[in-house]
Amino acid sequence: MAALRKMEFDGLIVGGGGAGLRAALELAQSGLKAAVISKVFPTRSHTVSAQGGITCAIASEDPEDDWRWHMYDTVKGSDYIGDQDAIEYMCSEGPQAVFELEHMGLPFSRTESGRIYQRPFGGQSKDYGKGGQAARTCAAADRTGHALLHTLYQANVKGGATFLNEWFAVDLVKNQDGAVTGVIAIEIETGNVVHVASRATVLATGGAGRIYASTTNALMNTGDGVGMALRAGFPVQDIEMWQFHPTGIADAGVLVTEGCRGEGGYLINKDGERFMERYAPTAKDLAGRDVVARSMIIEILEGRGCGEAGDHVLLKLDHLGEAVLNSRLPGILELSRTFAHVDPVRQPIPVVPTCHYMMGGIPTQVRGQALTQDDTGQDQAIEGLYAAGEAACVSVHGANRLGGNSLLDLIVFGRAAGLHIEQAVRQGISRRDASESDLEAARARLARWNDSTSGESVAALKRELQNTMQASFGVFRTEEHMRKGIETLKGLRDRIGNAHLPDKSNAFNTARLEALELDNLLEVAYATAIAAEARRESRGAHAREDHQQRDDKNWLCHSLYFPDDERVAKRAVNFQPATVPVLEPMERKY
Amino acid sequence: MQVSVYRYDPDVDEAPEMRDMSLELPEGKDLMVLDLLERLKEQDPSLSYRRSCREGVCGSDGINMNGLNGLACITPVSQVAKRGKLALRPLPGLPVVRDLVVDMSQFFDQFEKVRPYLINDQPPPAQERLQSPEERAELDGLYECILCGCCSTACPSFWWNPDKFVGPAGLLQAYRFLADSRDTAGAERLRDLEDPFSVFRCRGIMNCVNVCPKGLNPTQAIGKIRGLLVRQGT
């Protein structure tokens with residue numbers, strides 16, 4: 001193969017969303033040579049679509065608010081497989097991280113006293129569940145993700161990291177010692193292939209909602225980082241845990257923020273009944289997302305769905321009044337008019353649970369370094385590899401993420417990864433070498449597509465994969481369907497391995513990117529399927545009709561899927577917060 | 001449905017051309033232009049365009065549809081097609097990389113020129129800086145910009161002077177920070193804009209307002225900057 005162009009950095013971040021940009025800012029401010037590879041211009045990253053807000057105990061709406069209550073809610077929301085040391089870190093560091101964003105210029109909505117506006121979100125409580133509904137989600141109208149991502153990009157314009165925008169990371173470069181030494185990437189505009197070497201590589205590539213046919217996720221959310229990690233032989237954690245957001249617009253899949261219910265909206269069935277009162281008498285429409293999504297599906301399955309096909313329920317907002325809707329939920333008005341052809345000022349929005357968020361991902365330490373297990377089942381850090389944000393599983397979300405906790409995750413753990421890398425580089429982690437054969441291994445997949453001369457089309461295979469996941473690994477799961485799904489995925493693995501890339505051109509070749517993304521979708525889907533079949537219980541978002549109870553005796557643990565032998569191992573959940581008493585598992589009721 | 005698409009691959013084509021493609025549209029369903037592009041790409045995977053969020057917030061898929069700039073993902077085909085025909089072209093005025101993909105460096109250079117970040121020379125407090133709801137309301141209609149480029153590439157002044165005229169998108173950003181009660185660099189910001197080109201090449205023809213997919217009003221923001229410059233000059 002021809003000699004590769006090579007670039008070298010101290011810290012390389014793959015992904016230009018919230019986590020990546022926050023990590024980049026930290027590294028650039030520390031004076032290290034940092035670079036961000038992003039397959040889109042950074043403000044196009046999917047963080048931009050986050051709506052409702054960032055949950056954090058800044059004590060604006062309630063001066064008595066306490067990060068330990070936020071921690072309690074998050075642990076409970078996770079159905080007790082969130083790591084308590086990580087949740088403690090996120091909730092206690094959160095206020096500082098949010099104030100930093102405000103200082104950078106994030107245009108938060110405000111209270112009369114000039115502080116940051118906070119709204120109620122699902123699963124929030126005061127006083128460890130005893131003091132009623134809390135209002136803890138800091139918001140910039142219903143465009144918080146947009147405001148956050150643009151603010152972080154703006155700060156980076158000032159910051160000084162190198163931006164490799166519209167570059168696509170193909171695969172990790174792993175040397176003979178199992179250390180990650182950088183990535184092979186494509187400069188999309190020219191098609192040039194480049195070896196980007198770095199002392200530390202952070203995967204901040206976001207989620208993979210596009211493994212499902214119906215998702216709120218952007219078209220580019222194809223799990224590229226998780227795919228790269230799996231192909232390099234590294235494990236993923238709790239990958240069976242997928243959040244279905246209760247309110248995706250029926251048919252379109254476009255997200256309608258939980259903030260709608262936080263502001264007082266509620267769900268109704270075809271009889272006009274506010275059905276969540278039956279399923280969650282206390283929290284009602286603001287129960288955990290998994291609980292609300294399941295309740296909606298039951299309503300639909302039992303014949304109380306709305307519309308001609310009875311395939312959705314309705315989200316009612318008109319009683320909030322036009323003024324509130326205009327000031328608090330302007331983006332929702334816009335999206336509803338465009339994609340549901342309804343005006344929420346007068347009519348309810350047709351909604352249905354829609355794939356939204358990947359709780360699982362690359363297992364990491366609290367400071368962001370990626371983990372695997374050694375032969376004795378002990379945690380072992382992966383040299384040179386870090387992960388943050390949705391691609392990572394640190395794990396603060398466990399089996400079910402609370403609304404507003406994803407944006408907090410991004411900035412707290414993006415920053416933590418940056419800090420840790422800075423420290424590691426200062427202490428002198430050496431630059432690791434990769435051999436010619438290591439580089440060739442990282443280019444093998446790209447070469448396969450480039451050499452393909454015939455085979456099935458990428459678009460058709462992708463659709464089949466998405467339909468399989470939707471049918472067999474949705475809100476409710478059973479052994480029988482999952483087995484069938486796994487068989488189909490096995491067939492798809494062979495077929496995708498022989499699929500055809502007809503367009504071999506160099507300049508801005510999006511067909512090649514979609515082919516490479518399909519490999520990543522397959523890796524994530526396959527890992528999801530195997531791990532979902534293995535976890536024989538119901539917990540959080542993982543609801544099995546054949547194992548309906550939570551099984552703490554056998555499954556109060558993380559799952560760890562190893563790609564090389566398709567094995568699912570167990571990993572202990574952390575029950576050792578440093579500064580507060582442990583939260584013991586209890587029955588989860590809303 | 002007849003769709004005529006601007007095609008250009010720099011490695012193969014000597015010159016760009018409009019190529020016709022035909023497509024069966026489903027009955028009784030009004031697709032977005034992006035849905036149509038995705039179907040065309042299944043026919044011909046070599047067709048290149050940018051897209052991501054498919055809900056009008058990421059700003060990737062600004063293109064020119066039957067002469068009008070907009071986002072493909074939130075523009076219904078029925079709104080732009082005329083007599084069953086639709087011509088899709090890249091955003092005008094910028095170099096074409098391939099097909100519907102333009103090189104946006106000039107656009108982003110102008111964005112960076114206005115120092116699009118909050119400047120405050122006071123040490124930050126332990127909590128957030130306070131801002132009243134009224135002060136915050138000054139940012140509405142400004143901070144929502146998604147940098148899609150529809151406005152600047154619809155602006156003849158930006159076509160003539162893309163290196164010197166900041167353009168509607170950049171000026172909207174400039175005013176977003178001038179209007180922010182937390183920013184302390186107003187005077188310097190205005191000084192950077194007082195030359196004959198940066199702001200004053202705006203002729204107020206309001207193409208930007210006409211095409212903005214987020215319903216923002218760059219012309220108004222530019223008017224306010226002019227007002228501040230004039231007041232500062234007196």
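User: Which backbone oxygen lies 3.3 Å from a polar atom of the side chain of Gln373(A)?

Analyst: In this predicted model, the oxygen belongs to Lys570(A). Lys570(A) is also one of the residues that Gln373(A) touches, along with Leu560(A), Phe562(A), Ala569(A) and others.

User: Where does Gln373(A) lie?

Analyst: Gln373(A) is in strand S16 of chain A, which covers residues 369-373.

User: Why is Gln373(A) called buried?

Analyst: Its relative accessible area is 13%. Buried means under 20%. Gln373(A) is therefore buried.

User: What makes Gly540(A) buried or exposed?

Analyst: The relative accessible area of Gly540(A) is 3%. The cut-off for buried is under 20%, so Gly540(A) counts as buried. Gly540(A) sits in the loop between helix H15 and strand S20 of chain A. Its contacts include Asp79(A), Asp290(A), Arg294(A) and Arg588(A).

User: How far apart in space are Gly540(A) and Lys490(A), C-alpha to C-alpha?

Analyst: They are 27 Å apart in space, and 50 residues apart in sequence.

User: Which residues meet where H2(A) contacts H3(A)?

Analyst: Among them are Trp67(A), His70(A) and Met71(A) in H2(A), which meet residues including Gln84(A), Ile87(A) and Glu88(A) in H3(A). The residues of this contact divide into six nonpolar, four polar and one charged.

Definitions and conventions:
Residues are numbered from 1 along each chain as its sequence is written. Chains are lettered from A and ligands numbered from 1 in the order in which they are written. This is a predicted model: local features need pLDDT of at least 70, side-chain atom pairs count only at pLDDT 80 or more; totals for chains, interfaces and linings use all residues. Side-chain values use heavy atoms; hydrogens and water are left out. Helices (H or I, at least four residues) and strands (E, at least two) are DSSP runs, numbered from the N terminus. Buried means under 20% relative accessible area, exposed over 50%, partly exposed in between (1.4 Å probe, protein chains only). A polar contact is a pair of N or O atoms within 3.5 Å; within protein, one must be able to donate a hydrogen and the other to accept it, and residues adjacent in sequence count only if both atoms are side-chain atoms. Contact means heavy atoms within 4.5 Å. Ala, Val, Leu, Ile, Met, Phe, Trp, Tyr, Cys and Pro count as nonpolar, Asp, Glu, Lys and Arg as charged, and the others, Gly among them, as polar. Lists of a residue's contacts leave out its neighbours within four places in sequence.
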